[in-house]
Amino acid sequence: MKFTLSWLKKHLETDASVDEILYALTDLGLEVEDVVNPAETLKDFTIGYVNHAEKHPDADKLRVCKVDTDEGELQIICGAPNAREGIHVVVAKPGVYVPGIDTTIGVGKIRGVESFGMMASEREMELSDEHDGIIELEGAPEVGSRFVDYLAEHNPGAVDPMIEIAITPNRPDALGVRGVARDLAARGLGTLKPLDVPHIEGGFASPVGVSIDEDTLDGCPVFYGRVIKGVKNGPSPVWLQQALKAIGLRPISTLVDITNYFTYDQNRPLHVFDVDKMSGDLRVHRAKGGEEIVALDDKTYSLNEGMMGISDDNSVESIAGVMGGAETGCTPETVNVFVESAYWDPVTIAVTGRKLKINSDARYRFERGVDPEWTLPGLELATQMIMDLCGGEASELVSAGAVPNTARSYKLDAKRVQSLVGMEISEAEQRQTLTALGFKLEGDQAHVPSWRPDVLGSADLVEEVARIASLTKLKGKPFARAMEGVPSAILTPMQKREQIARRTNAALGYNECVTYSFIDQKSAALFGGGSDATMLENPISSEMSHMRPSLLPGLLQAAARNQARGFADMALFEVGPVFHGGEPEDQELLVAGILVGHTGPKDVHGTRRAVDVFDAKADAEAILAAIGAPAKQMVQRGAKGWWHSGRSGRLSLGPKNILCAFGELHPKTLGVMDVKGPVVGFAIHLANVPFPKSKTATRSALTLRDLQAVDRDFAFVVDEKVEALTLVNAAAGADKALIDAVSVFDEFKGEKAEAQMGEGKKSLAITVRLQPTEKTLTDEQIEAVSEKIIAKVSKSTGGVLRG
């Protein structure tokens with residue numbers, strides 16, 4: 001929606017500046033999209049006086065002029081035919097930007113003679129297309145004064161700011177300049193000028209009648225019109241042409257320009273038929289389908305069944321509410337016209353315009369909703385302007401149908417502004433605002449004006465009050481605290497544990513994945529699921545038919561996609577639910593991660609190696625430690641079938657409470673999932689880690705020993721099938737009070753080992769740390785503990801101390 005400041009002031013009595021108006025428009029919900037202010041563009045141009053002009057010594061068509069300016073006399077070279085001594089001109093001094101030629105003026109030499117500026121033409125200043133000569137100013141304007149001040153006095157339209165605003169679909173009333181002025185007046189930026197609607201007395205009966213078919217009354221409830229004979233349709237007045245040009249419309253003729261003016265001025269589209277080209281009366285009807293019309297855009301359109309048209313006795317003369325026909329359009333020879341003003345159903349117009357792919361100002365307004373009660377007043381005002389500008393005599397009014405009843409009212413509850421918006425606005429101010437917007441108040445009932453189809457409830461009344469008062473005045477207030485003191489935790493212990501696990505995974509270098517909870521039956525069966533209990537009744541696709549029994553299928557699918565795109569090494573994890581059955585208690589929260597490929601890129605030091613089971617075990621232990629699992633855990637065999645039987649295990653608290661499974665994924669599993677190995681991973685059961693019995697916000701005190709620990713190394717010869725863990729557990733159980741830690745630091749096996757220790761034997765070396773608590777250990781005490789360790793290991797594994 002475009003309009004000029006002077007156009008706005010025809011409806012709004014205001015002294016507000018352009019900036020104040022622009023701010024208010026956006027604040028009212030009529031967002032300003034563009035402003036074209038010629039005064040701003042031309043502010044640096046000044047008025048000069050040519051006191052001397054002579055022919056250029058080296059060019060026949062150039063003249064060397066001496067021009068008086070506010071900076072003294074300047075020498076300017078000019079090639080305009082009217083450049084001469086004794087005229088007032090518009091001067092662009094060095095440094096001034098000239099919009100018409102997109103150039104900033106500088107000091108230059110023309111054929112060897114210096115020029116210190118430019119004398120401008122109208123086209124160079126984008127005032128018109130005139131460029132046959134420079135501007136000659138009438139009268140005796142002051143030398144050095146601003147040219148925009150001269151224009152404001154002698155040709156105000158040339159420096160009239162143009163404003164373009166965005167209109168939301170719920171505000172059709174703002175598609176007219178008067179509607180915009182009404183909002184600004186309600187805001188307090190001026191006073192809305194009264195609009196007197198004349199009553200035109202017809203001098204004769206209209207020779208053209210109108211009718212609406214019975215099945216079309218829902219699409220055209222009311223149709224008004226009258227004939228005006230003896231008009232003279234020439235170019236429209238300068239003020240009207242300037243107004244239309246300023247908003248981007250091309251002046252055509254007085255009659256057409258008047259209809260365009262009312263479309264933008266009052267959101268009242270009109271159409272004018274040339275009576276002498278019509279045959280009989282006009283009829284509004286539904287198309288049967290196949291009727292053709294050449295519209296005003298010179299394109300031929302075929303109407304579909306159900307579209308509305310306006311026809312005379314011969315053919316369709318107008319696409320109702322969208323575009324008129326070229327056959328009965330006005331020309332400079334038009335003498336007798338029929339002026340039409342009707343109300344059209346918005347939905348029907350929108351459907352017609354979209355199907356025919358016609359975008360017109362009339363369609364744009366009718367499909368959003370014009371004021372039905374302004375149908376007749378708009379016609380009366382247009383009739384008066386046609387008679388004033390084109391002459392002629394008006395006939396009596398003809399009509400069909402009736403203005404639709406849009407009357408409705410809603411209760412105004414002044415307290416709802418506080419509850420819905422949070423603003424404190426007095427009831428008197430609320431009533432004043434609604435009255436300024438055109439609402440009629442009777443007690444606590446607010447009657448909605450016919451031009452506001454968007455107001456459909458009491459809440460809309462509150463919105464209007466708040467909009468005019470300005471939501472920028474709304475001050476944020478914090479919610480009242482539910483209780484005093486430190487607020488209780490929001491997250492549950494399990495949610496907190498899930499958060500810690502997620503952050504620990506990320507800190508270890510894993511990338512988080514979020515995969516679907518649905519997988520295909522084959523993948524689900526591979527990981528212990530795929531039963532009817534977890535099958536979806538209405539799956540999205542065959543690849544999402546079952547609830548996932550594990551997080552590993554989704555992670556392996558992600559790894560396969562990355563490998564297919566050239567990413568061979570990766571670390572992925574996911575935190576989410578898995579489903580072992582169809583009941584709520586069969587759902588479990590897991591943390592799973594996989595390591596694929598190698599530990600890092602190739603380097604000269606040879607540190608790169610394939611990931612192994614101990615990488616997965618270390619990461620799983622780090623996550624368990626972060627979520628509060630006890631430090632002492634059992635390592636067991638017995639991982640599920642998708643793990644490698646000899647390179648996997650379980651961490652548990654006792655034989656039944658399994659905390660985690662870890663290890664290398666079975667090659668067959670990787671083959672089915674199309675993943676290239678090696679792949680190691682872990683799956684942690686978050687709910688199996690016991691929560692601390694004492695709930696405190698602080699950590700327990702750090703216990704430091706002031707006595708020096710003692711490390712002792714042992715090497716045992718054991719059978720090749722003896723597991724290192726069995727030996728470590730045996731050594732740790734020899735004296736639980738003194739032994740703080742046991743770790744393996746060497747394994748010697750193979751042909752050389754068997755040659756020294758016998759067939760089927762190997763050597764395991766461990767370090768045992770002894771930590772005294774009361775006093776420093778003596779040699780005798782250390783020897784005694786060593787004997788216990790040797791005896792315990794020998795009993796549990798059959799091993800002997802290596803000599």
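**Salt bridges and a sheet**

Tutor: We start with one residue. Arg548 has a relative accessible area of 3% and is therefore buried. Keep in mind that the model is predicted.

Student: Which residue does the side chain of Arg548 meet in a salt bridge?

Tutor: Arg548 sits in the loop between β32 (546-547) and α16 (552-564), and its partner is in strand β33 (residues 570-579), 26 residues apart. The N to O distance is 3.2 Å, and the residue is Glu574.

Student: How many salt bridges does a search of the whole structure find?

Tutor: A pair counts when a side-chain nitrogen of Lys or Arg is within 4 Å of a carboxyl oxygen of Asp or Glu. Searched over the whole structure, the number of salt bridges is 35.

Student: How far apart in sequence are the parts that Asp173 and Arg452 tie together?

Tutor: Asp173 and Arg452 form a salt bridge, with the closest N and O atoms 3.7 Å apart. Asp173 is in the loop between β13 (162-165) and α5 (177-187), and Arg452 is in the loop between β29 (445-447) and α13 (458-469), so the parts tied together are separated in sequence by 279 residues.

Student: Are Asp173 and Arg452 buried or exposed?

Tutor: The cut-off for buried is under 20% relative accessible area, and exposed is over 50%. Asp173 and Arg452 are both buried.

Student: Which helices are linked by the pair Arg467 and Asp183?

Tutor: In this salt bridge, the closest N and O atoms of Arg467 and Asp183 are 2.7 Å apart. The pair links distant parts of the chain, 284 residues apart: Asp183 is in helix α5 and Arg467 in helix α13.

Student: Why does Arg467 count as buried?

Tutor: Buried means under 20% relative accessible area. Arg467 counts as buried because its relative accessibility is 11%.

Student: Which residues are linked with Asp173 and Arg467 in a network of salt bridges?

Tutor: Asp173 bridges to Arg452, and Arg467 to Asp183. The network that holds Asp173 and Arg467 also links Arg171, Asp183, Arg452, Asp454 and Glu464.

Student: In β12, which residue is the bridge partner of Ala92?

Tutor: Strand β7 (residues 88-92) and β12 run antiparallel and are joined by two bridges. In β12, Ala92 is partnered by Met118.

Definitions and conventions:
Residues are numbered from 1 along each chain as its sequence is written. This is a predicted model: local features need pLDDT of at least 70, side-chain atom pairs count only at pLDDT 80 or more; totals for chains, interfaces and linings use all residues. Side-chain values use heavy atoms; hydrogens and water are left out. Helices (H or I, at least four residues) and strands (E, at least two) are DSSP runs, numbered from the N terminus. Buried means under 20% relative accessible area, exposed over 50%, partly exposed in between (1.4 Å probe, protein chains only). Two strands pair if DSSP finds at least two bridges between them.
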